[in-house]
Amino acid sequence: MNMPDLGGGMPLRILFVEDVPTDAELTIDELREDGIACEVCRVDTEASYLEALDAFGPDIVLSDLGLPAFNGYRALQILRERDALMPFVFVSGTMGEEVAVEALRQGATDYILKHNTVRLAAAVRRAVHEAEEQRARKHAEDELIRAQRFESLALLAGGLSHDLRNLLQPLLLAADTLNDYADDARLARLATLVRGCGQRGLDMVSSMLSFARGARRTEQVRVDTLFQALGLLLQGSVPRTVTLHVDEATGLGFEGNHTELQQCLLNLSLNAMQAMPEGGHLTVGARACVLAQDFFCADESAVPGEYVCLTVADTGIGMTPDVRDHLFQPFFTTKENGTGLGLVSCLRIIDSHGGVMRVASTPGAGTRFELYLPICAVGAVAETPGATAPRGRGERVLVVEEEAAQLSLLTGVLDGSGYDVHASQSGAEALQSLQSDGLPQLVVMDADLSLLTGVRTLAALLAQDYLGAVLLLARPDAPPDLEGLPPVRHLAVLVKPIEVDALLRATRRALDAVL
């Protein structure tokens, strides 16, 4: 609500529940003489009161206590059911102390006696001012709660990521193992399906974590990867009545921040879907273009050259010219529960990338946002099939992994490739096994062990004169802290999820380095 300036700016909108016109006029004259500019709507029935609450949109309600066809308490009850903060002041000639106390108990802001209106203007000013402060405080509290929810979501996502990766990792290892039976067409299709599901799940986890953390870094952003991540985030959010089309955008890229741009595209896409309550088409695309000097506005840094244009277009209700003019003003919103900060954040993100934003919209015909970002070509990475993964020669390998399914697959892969494999489900169990089985030549260990972590287990191994190689399996967002560890003859950190071929090659390199 836009609160009025009681010093003489925006007039105060007063809804007056009063059946005697002269009493209402005297009260309003009192306010105007005290310098309060106001617009007044007088009503004396419940029906006209309900209509005025919607059509007139008051800033404050003044009400007599008893009317022939209505009741002040009923007016107060109706208002409080709709708005808990709008000021409501009784102005009555029949209000004793007990009645006044009861009125305040039921939610009235104040009460004034008709025969003593000396404090009327002060009471109105105070009521409106307090309502404005309460609304501002409630808005701040709502934003704080929203921020806390997002923080809790980020913490929850971080906590779940370890478990989700451990659940999905075996799918990839199992798929790689099934590839050994590629001559069986049915098993080959099963391997492709299992790997696709596992990789898709891991991509979704990575995308959600990246969005939740909002880490700020500059990187090489591939538009096709950006769009793939957007598609994963939008899964489950697109209404059945909306058709989503996302371009492939192969070969385009630029220096930027993947997470921020992902947030920007997600924000625009969600806005677009909300602008199509009856359904429609949402298109996310990209194209290369060259911007000339005259493309830029006077308040923009003009840098002519090659750009990539990201577009988010919908066929929704569109915007009027007045809405477009205020679109990027902080706190301006057309949504009932909007903050008015989403598009401001998008504009800041594009500006921080050295880009510019354009918007075109026609009421009833949809809206199109264009994000122009400095472009550079991204060469395709050639993937050449490697030679057969090297096999073991009976070397002793200790695998330490607390997840039973992943431990079984890791030991199975290494055992099937010619290694003498021993398994432990914790760091403590691994240290105990050294007493009976002796020192291995290679330790493959999860860095995220629960109690005795991978790094602490490694430190204990080195304290027992372990001289072999070490492969630590770590999450990409949580590299192990190796500071303070004694020197290791060969130590490699493998990012999870690990593929069978990469595991076998890393194992062979590690053993060759120490034998």
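Start your tour by selecting helix 2 and helix 3: helix 2 passes helix 3 in a right-handed crossing. Keep in mind as you go that this is a predicted model.

**Stop 1: helices 2 and 3**

Colour residues 46–55 for helix 2 and residues 72–82 for helix 3; the two pack at an angle of about 30 degrees, and their axes are 11 Å apart. Since angles under 35 degrees count as roughly parallel, that makes helix 2 roughly parallel to helix 3. Now show side chains. On the helix 2 side, pick Glu46, Tyr49, Leu50, Leu53 and Asp54, which meet Arg74, Ala75, Ile78, Leu79 and Arg82 of helix 3. What classes of residue make up the contact of helix 2 with helix 3? There are six nonpolar and four charged residues, and no polar ones.

**Stop 2**

Next, select the five strands that form an open sheet in the order 2-1-3-6-7, where the pairing is parallel. At the edges you will find strand 2 (38–43) and strand 7 (110–113), each with a single partner strand, so one side of each has no neighbour in the sheet. On average, neighbouring strands here are turned by 25 degrees against each other, direction ignored.

Zoom in on strand 3 (residues 60–63) and strand 6 (residues 88–92), which pair in the parallel sense over three bridges.

**Stop 3: the mixed sheet**

Move on to another open sheet of five strands, this one in the order 9-11-12-14-13. How do the strands of this sheet pair? The pairing is mixed. Strand 9 (242–246) and strand 13 (356–362) stand at the edges with a single partner strand each, so one side of each is left without a neighbour in the sheet. Neighbouring strands of this sheet are turned by 20 degrees against each other on average, direction ignored.

For a close-up, select strand 13 with strand 14 (residues 366–374): the two run antiparallel and are joined by seven bridges. Within that pairing, click on Ala360 and look across to Arg368 in strand 14, which stands opposite.

**Stop 4**

Helix 7 lies across strand 9, strand 11 (280–291) and strand 12 (305–314), and runs at about 165 degrees to strand 11.

Now bring in helix 8 (residues 258–274), which packs with helix 7 at an angle of about 50 degrees, the axes being 10 Å apart. That angle makes helix 7 oblique to helix 8. Helix 7 passes helix 8 in a right-handed crossing. To see the contact, show Thr225, Leu226, Phe227, Ala229, Leu230, Leu233 and Leu234 of helix 7, together with His258, Leu261, Gln262, Leu265, Leu266, Ser269, Leu270 and Met273 of helix 8. By class, this contact of helix 7 with helix 8 has 11 nonpolar and four polar residues, with no charged ones.

**Stop 5: an aromatic pair**

The model has six aromatic pairs. One of them is Phe295 with Tyr372, an edge-to-face pair with 4.9 Å centre to centre and 65 degrees between the planes. Where do its two members sit? Phe295 lies in the loop between strand 11 and strand 12 and Tyr372 lies in strand 14, so the pair ties together parts that are 77 residues apart in sequence.

**Stop 6: helices 11 and 14**

Finish by selecting helix 11 (residues 404–416) and helix 14 (residues 500–514), which pack at an angle of about 60 degrees with their axes 11 Å apart. This makes helix 11 oblique to helix 14, and helix 11 passes helix 14 in a right-handed crossing. The side chains to show are Leu410, Val413 and Leu414 of helix 11, and Val500, Leu503, Leu504 and Thr507 of helix 14. Sorted by class, the contact of helix 11 with helix 14 has six nonpolar residues, one polar and no charged.

Technical notes. Residues numbered from 1 in each chain as written. Predicted model: local features only at pLDDT ≥ 70, side-chain atom pairs only at ≥ 80, totals over all residues. Heavy atoms only, no water. Pairing = 2+ DSSP bridges. Helix = DSSP H or I, 4+ residues; strand = E, 2+ residues; numbered from the N terminus. Axes fitted to C-alpha atoms, helices over the stretch in contact; angles between N-to-C directions. Contact = heavy atoms within 4.5 Å. Parallel < 35°, antiparallel > 145°, perpendicular 65-115°, else oblique. Left-handed = near helix turned anticlockwise from the far one by under 90°. Nonpolar A, V, L, I, M, F, W, Y, C, P; charged D, E, K, R; others polar. Phe/Tyr/Trp six-rings, centres within 6.5 Å; stacked < 30°, edge-to-face > 60°.
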